[in-house]
Amino acid sequence: MFRTAEGDQRSTYELHDVAESLLKGCHQHFEAGITRIARIGGVIPQAERTQFRQLSTTLVQASDLGSFQATAATMIRHFPLIHPWLSWWLRDEHASMIFDSHRRMDPVLWDSMPDSTNAEESMHWRLYRAVEKKHDLMDGIYGVRAFLQHFERQIAARLSG
């Protein structure tokens, strides 16, 4: 729909770039991951849990890329078993939604949004409430289609006034 909006000459890449600047991740999920990882004694020794949590906080709050990368490298060096978990968060598409140093969203918009939820989770919840779960494939597809059509009608109504 937006690719065909009258007068919009943006490329798919440009639209993707704009969309990424409008995503904020769930800080609460990142914190829950830290707590879960910190409890695994074979990954984070009990005596080093505080250090792990402090490094995690420094990672989130690092204001520049250099500090961020140095902290990430320190974490992986001190706690090598976190590498698979942390590398997922370090991907650019994930990092931009959580870490200050990677943020692409306007700071005013960022601060106006809660840290405890995100739009994707909200939409999943709405989808599961409307369509429910554990359908056969075709019944599930029909349910998702009806869900999509509902939102298409809402968008059309809003655009038409």
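Which residues does Phe-99 touch, not counting residues up to four places away in sequence? I looked this up in the model and found Phe-30, Leu-59, Val-60, Phe-68 and Trp-89. I took contact to mean heavy atoms within 4.5 Å.

Notes on the source. This is a predicted model, in which local features need pLDDT of at least 70, side-chain atom pairs count only at pLDDT 80 or more, and totals for chains, interfaces and linings use all residues. Residues are numbered from 1 along each chain as its sequence is written, and side-chain values use heavy atoms, with hydrogens and water left out.

Entry on the overall form. I counted 9 helices and 0 strands in the protein; helices (H or I, at least four residues) and strands (E, at least two) are DSSP runs, numbered from the N terminus. The radius of gyration is 20 Å, well over the 15 Å that the globule rule gives for 161 residues, so the protein is more spread out than a compact globule. That radius is taken over C-alpha atoms, and the rule is 2.2 Å times the number of residues to the power 0.38. I noted a box of roughly 60 × 40 × 25 Å for the C-alpha atoms, taken along the principal axes. Buried residues make up 29% of the 161 residues; buried means under 20% relative accessible area, exposed over 50%, partly exposed in between (1.4 Å probe, protein chains only).

Entry on the core. The largest nonpolar core has 22 residues, and Phe-30, Phe-52, Ile-82, Trp-85 and Phe-99 touch the most other members. At least two residues of this core come from each of α2 (27-38), α3 (49-61), α4 (65-78), α5 (83-90) and α6 (92-98). I used "nonpolar core" for a set of buried Ala, Val, Leu, Ile, Met, Phe, Trp, Tyr and Cys residues joined through side-chain atoms within 4.5 Å.

Entry on α3. I found Phe-52, Leu-55, Ser-56, Leu-59 and Val-60 buried in α3. Seen down the axis of α3, these residues fall within an arc of 140 degrees, so they line one face of the helix; the arc is that of the directions from the helix axis to the C-beta atoms. Thr-50 and Gln-61, on the other side of α3, are exposed. The buried residues of α3 pack against α2, α4, α5 and α6.

Entry on α5. Here I found Trp-85, Leu-86 and Trp-89 buried. Down the axis of α5 the buried residues fall within an arc of 90 degrees, so they line one face of the helix. They pack against α2, α3, α4 and α6.
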